[in-house]
Amino acid sequence: MSELTLTVMRLGFLAVLWLFVIVAVQVIRSDLFGTKVNQRAAARRTAAPAPAATGGGGHAGPPPQAAPAPGRRRGAPTQLVVVQGSLAGTTVALQGQTITLGRAHDSTIVLDDDYASSRHARIYPDQTGQWTVEDLGSTNGTYLERQRLTVPTPLQPGVPIRIGRTVIELRK
């Protein structure tokens, strides 16, 4: 093998090695800094619907509650509340839509938790109007009270849902 070929191979290997290091640093940087900015924006989005649904505003409050009410039982839960974790106090109005939980920036509730997966769980109304929680194949699991979920499970108001350090409850 000629000296020129050996030098070109060494430089090529060095370039690939540096490319790997640069990509690794970018991934670590986006994990440390990129998600924090997105989670704050998502927390503002999830906190905003609650006052409109519970605030008694003349034009915005009653119609969203009135639309899903015919499909639900009387006394059904109306909000999802984060009771523990970095988003404690966050409230999401239940209006018949699926609520996704996880670290992904497009989740309904973006969890700033090392034990949460990007697509961790979802809460949705079934055909009868009963709210159901489902783990989406997360690594660390979703717990209803102290039991790990393996199948979609109906929710009762006040029963804690735990994802890592975050605890969420359905409330009336």
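Modeller: Here we go, overall make-up to begin with, then one residue.

Modeller: This is a predicted model, where local features need pLDDT of at least 70, side-chain atom pairs count only at pLDDT 80 or more, and totals for chains, interfaces and linings use all residues. Residues are numbered from 1 along each chain as its sequence is written, and side-chain values use heavy atoms, with hydrogens and water left out.

Biologist: How many helices and strands in the protein?

Modeller: There are 3 helices and 11 strands. Those are DSSP runs, numbered from the N terminus: helices are H or I, at least four residues, and strands are E, at least two. From the N terminus, the order is α-α-α-β-β-β-β-β-β-β-β-β-β-β.

Biologist: What percentage of the residues is buried?

Modeller: 35% of the 172 residues. Buried means under 20% relative accessible area (1.4 Å probe, protein chains only).

Biologist: Switching to aspartate 135. Where is its place?

Modeller: In strand S6, residues 131-135.

Biologist: Why does aspartate 135 count as buried?

Modeller: Because its relative accessibility is 18%.

Biologist: Which residues is it in contact with, leaving aside neighbours within four places in sequence?

Modeller: Aspartate 135 touches His120, Ala121, Gly141, Thr142 and Leu149. Contact means heavy atoms within 4.5 Å.

Biologist: And what does the side chain of aspartate 135 make a polar contact with?

Modeller: The side chain of threonine 142, at 2.5 Å. The aspartate 135 side chain also reaches the backbone nitrogen of glycine 137, at 3.0 Å. A polar contact is a pair of N or O atoms within 3.5 Å; within protein, one must be able to donate a hydrogen and the other to accept it, and residues adjacent in sequence count only if both atoms are side-chain atoms.

Conventions:
Buried means under 20% relative accessible area, exposed over 50%, partly exposed in between (1.4 Å probe, protein chains only).
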